[in-house]
Amino acid sequence: MHRPTALGGALAALATAAAGVLVAAAVSTTPAAAATGGTGTGYLHTSGNKIVDSTGATVRLTGINWFGMETDNKTFHGLWSSNPWRGQLDTMARLGYNTLRIPYSNDALKPGATATGINDFVNPDLVGLSPLQILDKVIDYAGGKGMRVILDRHRPTSAGQSPLWYTSTVSEATWIADWKMLAQRYANNPTVIGADLHNEPHAEGTNPAATGACWGCGDTARDWRLAAERAGNAILGVQPNWLVFVEGVSCPSGGLSNVWDNDPSNDEDCGWWGGNLSKAGQFPVRLNVADRLVYSPHEYATSVYRQTWFDDPTYPANMPGIWDRYWGYLYKQNIAPIMMGEFGSTLQDPKDKVWLQNLMAYTGAGVTGMSFTYWSWNPNSGDTGGIANDDWTTINQAKQDILQPYLIPPAGGGTTSPAPTTPVPTTPAPTGGCTATYKQVNAWQGGFQGELTVKNTGTGALNPWSATWTWPSGVTLASGWNATVTQSGTTVTAAAPAWASSLAPGASVTVGFTANGTAAAPGAVKLNGTAC
């Protein structure tokens, strides 16, 4: 969707943002554990208008976009901030975002591509990594928190988006080959659940000389529905477990209406870029593997463009009918699931707040509601802003308050509710207790990174387990992983995550963290209250 202010902000009447292909050799990565809880178990598939997990349980994806990999930086934006990358993911999960939609362009994945804009004091573990290697780390950590990941081919190159899925320099063959590469790269990792094939296909040229993406027109060079079938089936040939996310177009003809010809019959009903799925019922996307198709419209407010419906005298009562017409009917008629891939606003116009409140109500409450990924985490999206404020640490509470009732946290993600003041009961450590070892991974001016490994040397399982330690005054926690890590005074607590709550006899757990202050080893380490 919309790029940072520095890269141009909102585009024209139906604006949003772009997509890109990848060129990179397949590399093996460590598969993340199958997600549980808020995003289900194992790989996902569809059943009517629902997304379900491997057990048949209904899953609602309530996610967020974290962009940057499609830009000249070739990696996530905000890595330049004082908030470590894991800390940002921690906040997303804690707020209730169970899915991460990651835009990319092929420029980020070309051999020799370099990631820029990284604060090496705050993110020393990313120094020297390629954009793909950074992506691997983000996916692995997100999976450990119970989150899911959708990859979004957002731009053919970092220069900008395209109305069609190919350009003069990025062919359809490259587009498909790159998708197959990604499908192979993450083939054994159920954290990655699918492919958003191309971001915001849209109209170009004035009818009857249309040159943009159409739906159902039958022209193989422009018919986005047919192209989505070709790419989707190629991906499923490599990774049949993935979901295939297909966005809409803007104008089904693929061209803009000539409003000056005084011929109303030629004036087409157009919508947001990627947001018009009005022809998908008549011309559905046909995939070779059943129950893998998810339609993924985009929807925006006045801070992107003031569509005519925002000034209708019946607003906002007119909006459900508009959403029904463009994409909601697919869900209401049980044709396919809906996953709104992008929607957002600065909320500066009062109409936008009303829009967001009504849109969320339209998606429905609870696990059976429509899925979505909000645009965006990034505060530097020029025409929408983000959930994160400019410090990439604190959040825009006005937006979060509207979204919060519809969010289903990932397993271990938690919510924004205050932590209970009464300690959670824990199982006492058996006689013999525990051992603890510490490794300092890195250090830099003003901070350091470490790993504390705690082993249960007792005779019984600890469920849940909880480790504590102390730091000297002046050392403060920046981020933690493999546990829910918090600090009170000089005492740090690492509580068992929901996805790994039990620590068997003889088993160990490694808690990673970054901290501010002079590097110091954890002191007075305890496991469930027993000194190690």
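## The cavity

A cavity here is a set of grid points where a 1.4 Å probe fits but cannot get out. Keep in mind that this is a predicted model. Searching the whole structure turns up one cavity of 30 Å³ or more, and the volume of this largest cavity comes to about 50 Å³.

Who's around it? The lining is made of 13 residues, and those nearest the centre are Asn-49, Lys-50, Ile-51, Gly-369 and Ser-371. Strand S2 (50–52) and strand S3 (58–59) are the elements that each give two or more residues to this lining.

## Helix H6

H6 covers residues 350–363, and its 14 residues should span 20 Å at 1.5 Å a residue; the end C-alpha atoms sit 21 Å apart, which agrees. Its buried residues are Asp-352, Trp-355, Leu-356, Leu-359, Met-360, Tyr-362 and Thr-363. Look down the helix axis and these buried residues fall within an arc of 155 degrees, so they line one face of H6.

What does that buried set pack against? The partners are strands S10 (298–300), S11 (339–340), S12 (342–344) and S13 (371–374), plus helices H5 (319–332) and H7 (397–403).

Both ends of H6 have something to show. Just past the helix, Gly-364 takes a positive phi of about 95 degrees.

## Cis peptide bonds

Another cis peptide bond links Trp-375 to Ser-376, with omega about 5 degrees. Ser-376 belongs to the loop between S13 and H7.

## Two asparagines with positive phi

Asn-482 isn't a glycine, yet has a positive phi of about 70 degrees. You'll find Asn-482 in the loop between strand S17 (476–481) and strand S18 (484–488). Asn-528 isn't a glycine either, and has a positive phi of about 50 degrees; its spot is the loop between strand S21 (523–527) and strand S22 (530–531).

Where do these two land on the buried-to-exposed scale? Asn-482 is partly exposed, at a relative accessible area of 40%. Asn-528 has 10% relative accessibility, and the cut-off for buried is under 20%, so Asn-528 counts as buried.

Terms used. Residues numbered from 1 in each chain as written. Predicted model: local features only at pLDDT ≥ 70, side-chain atom pairs only at ≥ 80, totals over all residues. Heavy atoms only, no water. Helix = DSSP H or I, 4+ residues; strand = E, 2+ residues; numbered from the N terminus. Expected span 1.5 Å × (residues − 1). Buried < 20%, exposed > 50% of the residue type's maximum accessible area, 1.4 Å probe, protein only. Arc of directions from axis to C-beta. Contact = heavy atoms within 4.5 Å. 1 Å grid on protein atoms, 1.4 Å probe; cavity = no way out; pocket = protein on both sides within 12 Å on 5 of 7 lines; lining within 4 Å. Points joined across faces, edges and corners; volume = space filled by probe spheres on them.
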